[in-house]
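Visitor: I'd like a walk through this model, feature by feature. Could you give me the general idea each time and then the case at hand?

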Amino acid sequence: MTILLKNGTVIDYASRLNQKMDVLVEDTKIVKVEKQINNSADKVIDCTGLMIIPGMIDMHCHLREPGFEYKETIETGSKSAVKGGFTTICPMPNTKPTPDSAIILEQIINEAKRVNLCNVLPYSSVTKGEKGEELVDFDEMKKAGAIAFSDDGMPVVNSKIMREAMIKADELGTFVASHCEEKSVAKGAINAGEVAKKLGVEGVLPEAEEIMAAREIVISETNKVRGHICHISTRTSVAMIRDAKKRGVKITCETCPHYYSFTVKEVLESGTNAKMNPPLREEEDRKAIIKGLQDGTIDAIITDHAPHSEEEKNKPLESAPNGIIGFETALAASITNLIEPKHLSYLDLVRLTSYTPAKLLKLDKKGQIKQGYDADITIFDPTLEYVYEKESIVSKSKNTPFIGKKLKGKVMYTMVGGRIVFENKLS
Ligand SMILES: [Zn+2]
């Protein structure tokens with residue numbers, strides 16, 4: 001099977017390419033990227049006016065299966081991911097049961113294979129049952145196919161255990177992705193400050209994230225091992241990681257579209273649909289996150305896609321669960337809130353959504369539009385403007401503050417391993 005993409009604008013960070021090119025795909029691979037390809041093909045897609053980027057890689061999401069299938073399944077989550085232009089997604093292990101043994105991890109991998117829409121590369125938990133007490137068998141989990149290790153949703157409180165985990169993961173050529181939350185200062189519904197006061201709810205202090213992020217930097221620096229900090233949201237986290245990187249510490253991090261699209265004020269408008277962990281912060285934090293994306297302090301944009309049922313999100317602010325869905329709005333939110341205001345270029349966006357994530361995850365043949373690379377490709381219209389509607393959501397859950405917001409940019413085709421797995425038929 002050959003597919004020819006004609007007249008699109010190819011944006012590839014590795015080669016700093018941002019120009020009109022044709023792309024030829026044969027079976028699972030990209031075989032040609034040239035200004036004019038005249039080969040005949042089984043299928044020709046006219047990409048005039050569209051952008052062609054390496055398939056987006058989401059290093060951090062929640063698919064809820066096994067255990068919480070009423071929120072999302074591997075199947076519905078994969079459908080939502082490919083609609084959003086993601087070709088590889090890495091689900092976190094806070095499921096029930098937790099993938100803390102090879103058998104459970106293999107079940108997730110097998111179900112993803114059955115669904116067969118995008119690459120699903122699951123994390124193993126760091127500790128048994130994400131309880132923070134006993135390390136999983138790192139060798140066994142790596143062999144069973146764990147992409148990396150995380151107790152996301154739960155912080156690893158015990159520093160001795162985290163230290164051992166980071167050293168062990170590094171030995172295996174991978175890393176621990178740390179959900180940083182120092183619980184004693186993290187009690188609350190939303191960010192501490194004026195909005196929390198106004199709503200009469202207890203506020204989460206920014207130090208909840210920063211104290212633990214500082215610990216991970218120390219462990220990484222002292223032991224010269226890799227460390228990765230999940231979903232950073234505060235100005236101090238950005239500053240600490242920037243400084244650490246300057247010293248050569250092997251620390252990397254990620255952030256989510258909501259941290260550069262909103263501030264805590266969004267809670268006044270969207271209520272529990274703007275409640276997540278870490279919480280939305282202040283404007284100064286939002287600006288610091290954008291700076292971190294610009295200068296490479298932040299390595300990756302991730303969704304932290306976290307589906308919850310409407311019933312759960314209809315609870316009061318204090319008791320509603322944390323998290324919002326994110327696959328289907330990540331690209332448009334980034335175009336709208338990073339590219340349009342000229343904070344970032346499209347090349348930067350590709351660096352953050354595929355090029356660097358592929359490097360961090362050691363996915364050798366992904367993250368680039370290049371001959372010999374996997375034909376994981378996202379094709380989108382950067383000019384389409386629309387109001388985001390709940391009815392358009394493919395995910396099983398609808399918990400997102402982007403509902404009703406004006407967005408720009410829409411995914412038109414998603415290709416995984418040379419196969420078109422999503423096509424926007426509305427065009
Ligand atoms: Zn988390």
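Predicted model: local features only at pLDDT ≥ 70, side-chain atom pairs only at ≥ 80, totals over all residues.

Visitor: Into which domains is the chain divided?

Guide: Domain bounds come from an automatic or database domain assignment. Here we get domain 1 (2-52 + 374-423) and domain 2 (57-360). Their C-alpha centres lie 25 Å apart. Taking contact as heavy atoms within 4.5 Å, 38 residues of domain 1 and 49 residues of domain 2 take part.

Visitor: How much area is buried between domain 1 and domain 2?

Guide: Buried area is the accessible area (1.4 Å probe) that two parts lose on being put together, summed over both. For this pair the figure is about 3600 Å², and carbon and sulfur atoms give 64% of that. On the domain 1 side, Y13, N399 and F402 supply 20% of the area buried against domain 2, more than any other three residues.

Visitor: Now the strands. How do I read the pairing?

Guide: Strands of a sheet pair through backbone hydrogen bonds, either parallel or antiparallel. Helices (H or I, at least four residues) and strands (E, at least two) are DSSP runs, numbered from the N terminus, and two strands pair if DSSP finds at least two bridges between them.

Visitor: Which strands does strand 5 join through bridges?

Guide: Strand 5 (residues 51-54) runs parallel to strand 1 (residues 2-12), with two bridges, and antiparallel to strand 16 (residues 377-387), with four. M51 shows both pairings: T9 stands opposite M51, and F380 is the bridge partner of M51 in strand 16.

Visitor: On to the spaces. How much space lies in the largest pocket?

Guide: On a 1 Å grid over the protein atoms alone, a cavity is a set of points where a 1.4 Å probe fits but cannot get out, and a pocket is an open set with protein on both sides within 12 Å along at least five of seven lines; lining residues have an atom within 4 Å of a point. Grid points are joined across faces, edges and corners, and a volume is the space filled by probe spheres set on the points. The largest pocket holds about 700 Å³. It has 32 lining residues, and N94, G153, N277, H308 and N322 are the closest to its centre.

Visitor: And the second largest pocket: which domains line it?

Guide: Domain 1 and domain 2 each give at least three residues to that lining. The second largest pocket has about 310 Å³ of space, and of its 21 lining residues the closest to the centre are K83, Y386, Y388, S392 and K410.

Visitor: Which element gives the most to the lining of the largest cavity?

Guide: Helix 12 (330-339) does, with three residues. The largest cavity contains about 70 Å³ of space, and its lining includes M56, F86 and L331.

Key: Residues numbered from 1 in each chain as written. Heavy atoms only, no water.
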